[in-house]
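This report looks at a few places in one protein model and at how their side chains are arranged. Please keep the sequence and the 3D view open while reading.

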Amino acid sequence: MNFQENYLKSVRSEFLRYKSLGEKTFDQLSEEEIHWKYVDSDNSVAIIVKHIVGNMLSRWTNFLTEDGEKTWRNRDTEFEGPYASKSEMLQAWEKGWNCLFTALDSIDDTNFDSKVKIRNEDHSIIEAVNRQLAHYPSHVGQILFLGKMIKQQDWVPLSIPKGQSAAFNKKMFG
């Protein structure tokens with residue numbers, strides 16, 4: 001496997017890991033809880049997802065041939081009028097991730113050295129992908145934090161629970 005294949009395999013794995021963390025949070029939240037805000041000026045889980053999806057569709061649609069900031073995108077509206085239902089949010093979430101993975105699958109030896117534009121600035125494929133690999137996890141972290149705030153003592157940890165590191169390490173390493 002060459003560098004390009006290793007890189008693309010690695011970033012796919014990382015994107016899938018963060019997608020999964022978001023979904024494990026969604027699984028713990030009710031229809032009402034995806035709209036919860038600490039204060040009115042904050043973003044709910046549904047609003048954060050709307051922004052992530054808007055960004056994904058803009059950045060990854062025609063990734064190799066069009067600027068990643070599409071003329072049809074209205075970023076400001078991503079922070080208004082959240083999805084009406086959890087089902088609608090989850091459908092949009094899948095649409096965004098499918099767009100991302102389809103674009104990643106289009107990268108190969110023939111175009112890996114191409115330049116892509118984001119907001120009219122040239123980026124290497126690596127720079128453009130890494131930019132999004134930094135962006136989406138920051139928002140997934142917000143989603144997880146909101147999930148923990150909403151569920152409080154009912155939150156099911158997505159990694160090693162507090163105070164359980166020694167038991168985890170003993171199990172993993174004998």
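## Glu94 and its surroundings

Apart from neighbours within four places in sequence, Glu94 is in contact with Lys19 and Glu23. The model described here is predicted. Glu94 is found in helix 3. Another residue to look for from here is Val53: the C-alpha atoms of Glu94 and Val53 are 8.6 Å apart in space, although the two residues are 41 residues apart in sequence.

Is Glu94 buried or exposed, or something in between? Glu94 has a relative accessible area of 31%, so it counts as partly exposed.

Side chains of opposite charge can pair when their charged atoms come close. The side chains of Glu94 and Lys19 meet in a salt bridge, at 2.9 Å from N to O. Glu94 lies in helix 3 (residues 86-105) and Lys19 lies in helix 1, so this pair ties together parts that are 75 residues apart in sequence.

The cover on Lys19 can be compared with a cut-off: a residue is buried when its relative accessible area is under 20%. Lys19 has a relative accessibility of 12%, so it counts as buried.

How far apart are the closest N and O atoms of Arg17 and Glu14? They are 2.6 Å apart, and the two residues form a salt bridge. Both Arg17 and Glu14 lie in helix 1 (residues 3-28), where they are 3 residues apart, about one turn of the helix.

Arg17 is partly exposed, with a relative accessible area of 41%. Glu14 is partly exposed too, and its relative accessible area is 25%.

## A network of charged side chains

Arg73 and Glu69 also form a salt bridge through their side chains, with an N to O distance of 3.2 Å. Which residues belong to the network that includes this pair? Salt bridges that share partners join Arg59, Glu69, Arg73, Glu78 and Arg119 into one network.

Arg73 is buried, with a relative accessible area of 10%, whereas Glu69 is partly exposed at 23%. For the model, the count comes to 10 salt bridges.

## The strand hairpin

Strand 1 (residues 115-118) and strand 2 (residues 121-124) pair in the antiparallel sense, over 4 bridges. The two strands form a hairpin with 2 residues between them. Arg119 is in the turn and has a positive phi of about 55°. Arg119 is also one of the residues in the salt-bridge network described above.

Individual positions show how the strands line up. Lys115 stands opposite Ser124 in strand 2, and the bridge partner of Lys117 in strand 2 is Asp122. Which residues make up the covered face of strand 1, and which the uncovered one? Val116 and Ile118 make up the covered face. Lys115 and Lys117 make up the uncovered face.

## A nonpolar patch on the surface

Ile160, Phe168, Met172 and Phe173 form a nonpolar patch on the surface. Together these residues have about 430 Å² of accessible area. Among them, Met172 lies in helix 5 (residues 165-173).

Conventions
Residues are numbered from 1 along each chain as its sequence is written. This is a predicted model: local features need pLDDT of at least 70, side-chain atom pairs count only at pLDDT 80 or more; totals for chains, interfaces and linings use all residues. Side-chain values use heavy atoms; hydrogens and water are left out. A salt bridge is a side-chain nitrogen of Lys or Arg within 4 Å of a carboxyl oxygen of Asp or Glu. Buried means under 20% relative accessible area, exposed over 50%, partly exposed in between (1.4 Å probe, protein chains only). Patches are made of residues with over 30% relative accessible area and no salt bridge: like charges are joined within 9 Å, nonpolar side chains (Val, Leu, Ile, Met, Phe, Trp, Tyr) within 5 Å. Accessible areas come from the Shrake-Rupley method with a 1.4 Å probe; for residues, only the protein chains shown count as cover. Two strands pair if DSSP finds at least two bridges between them. Contact means heavy atoms within 4.5 Å.
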